[in-house]
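Look at the sequence and the model shown here. The text after them goes through one chain, then its contact with another chain.

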Amino acid sequence: MKNAKKHIDIEALNYKNAGFSTPKNYFEGIETKVFAKINSDIPDNYFDSIEDKVFAKLASEKQTVKVISFKSRIVKRFIPILAAASLVLFIGLNFLNKSETTTFDSLEISDISTWLDSENNITHTYALGALLDTDDITTLSNTSTLEDIQLLNYLDNINLEDLNLNN
Amino acid sequence: MDSEKQLITQLQNTQTQDKAFRTLMGLYKERLYWHIRNIVKSHNDADDVLQNAFIKVYRNISNFKGDSKLYSWMYRIATNESITHLNKKAKQQQVSVEDVQIQLAASLHADNYFSGDEIQEKLQKALVLLPTKQQLVFNMKYFDNMKYDDISDVLGTSVGALKASYHHAVKKIEHYLTNS
């Protein structure tokens, strides 16, 4: 005959706990530990999102760099072009017959001189030098109608540091 | 104004929050600890989860609307934190949550902070084989001695369904204990 298994009635056993225990005085220090964590000021799940924050910051920095680069490109490339265009337009509108087509070659030296006197923003020799390349300067030298004496007087009075000789 | 409402008012006022929170922890730390411990089994894990649960309570107390009892709300947070902890552990070990729980129950005999008898140890091994909801209901009814209405507030399950869950859990555990 088989031995009948003894049924275990868990409710009759009426365990008051699961058999777990804690280190001595464990419950006395909980408040301090919790406040220490709260005051450490690291928000919940902070470390879960740190990668996203870093990538977002990197992306915004890239955008800022692009804006600066674009601005400096504008300044370097277009300001001299705009200045030259402004020179041609100013002289054309004020001193030439409107029916004629205005080109840089068609300008009289006196017109350029008048423009330089009236336009304070590009009268510095450095700014003027920046508008001309080596070929322009050679052409000007070859076609100059200045007398030697006039040229020598000019060179005696100019501050050489103001010339943009490295253009 | 009853004492719970007064405590909630103090918890939601930045001037009195810290002092009131210390009082709150004093009132509930042991009950919440044992509730968490029954789920996560190890003392060190229970300590971590309890602290995280209290921090969550502290940070979210301003959103507590009083729709349920403060006690039920905190139990709910503690339960969710415990389950999240087990899920993280399972993910780290690349095993299922059930496997993590089975491992935890199997290592109780070597745990310095487990002093249960042979039946209590087997009870834990039987318990981890139950579906999560049945484990929670059994723990809250049998060990925490909670009323079905309060368990219903915490788990969001009807009292009838909770009674059925508890009944099934007891039968399965008794079957395991009788046959092992």
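The model is predicted. Start with the fold of chain B. Chain B has 180 residues, and 52% of them count as buried.

How do residues that are apart in sequence come together in chain B? Take the contacts between residues at least 6 apart in sequence: 58% of these join residues at least 24 apart.

S72(B) lies in helix α4 of chain B, which covers residues 70–93. Is S72(B) buried or exposed? Its relative accessibility is 0%, and because buried means under 20%, S72(B) counts as buried. Leaving aside residues up to four places away in sequence, S72(B) touches D150(B), D153(B) and V154(B).

Now turn to the other chain. On the side of chain B, 43 residues are in contact with 31 residues of chain A. The area buried between the two chains is about 3600 Å², and carbon and sulfur atoms give 61% of that area. Which residues of chain B lose the most area to chain A? They are Q51(B), R59(B) and Y142(B), which together make up 16% of what that side buries.

Polar and charged groups also meet between the chains. Between chain B and chain A there are 17 residue pairs in polar contact, counting pairs with both residues at pLDDT 80 or more. The count of salt bridges between chain B and chain A is two. In a salt bridge between the chains, the side chain of D47(B) meets that of K33(A), with 3.1 Å from N to O.

Which helices of chain B each supply at least two residues of the side that touches chain A? They are α2 (17–40), α3 (43–60), α6 (118–127), α7 (132–143) and α9 (159–179). The residues of that side of chain B divide into 19 nonpolar, twelve polar and twelve charged.

S72(B) counts as buried, and 43 residues of chain B are in contact with chain A.

Conventions: Residues are numbered from 1 along each chain as its sequence is written. Chains are lettered from A and ligands numbered from 1 in the order in which they are written. This is a predicted model: local features need pLDDT of at least 70, side-chain atom pairs count only at pLDDT 80 or more; totals for chains, interfaces and linings use all residues. Side-chain values use heavy atoms; hydrogens and water are left out. Contact means heavy atoms within 4.5 Å. Buried area is the accessible area (1.4 Å probe) that two parts lose on being put together, summed over both. A salt bridge is a side-chain nitrogen of Lys or Arg within 4 Å of a carboxyl oxygen of Asp or Glu. A polar contact is a pair of N or O atoms within 3.5 Å; within protein, one must be able to donate a hydrogen and the other to accept it, and residues adjacent in sequence count only if both atoms are side-chain atoms. Helices (H or I, at least four residues) and strands (E, at least two) are DSSP runs, numbered from the N terminus. Ala, Val, Leu, Ile, Met, Phe, Trp, Tyr, Cys and Pro count as nonpolar, Asp, Glu, Lys and Arg as charged, and the others, Gly among them, as polar. Buried means under 20% relative accessible area, exposed over 50%, partly exposed in between (1.4 Å probe, protein chains only).
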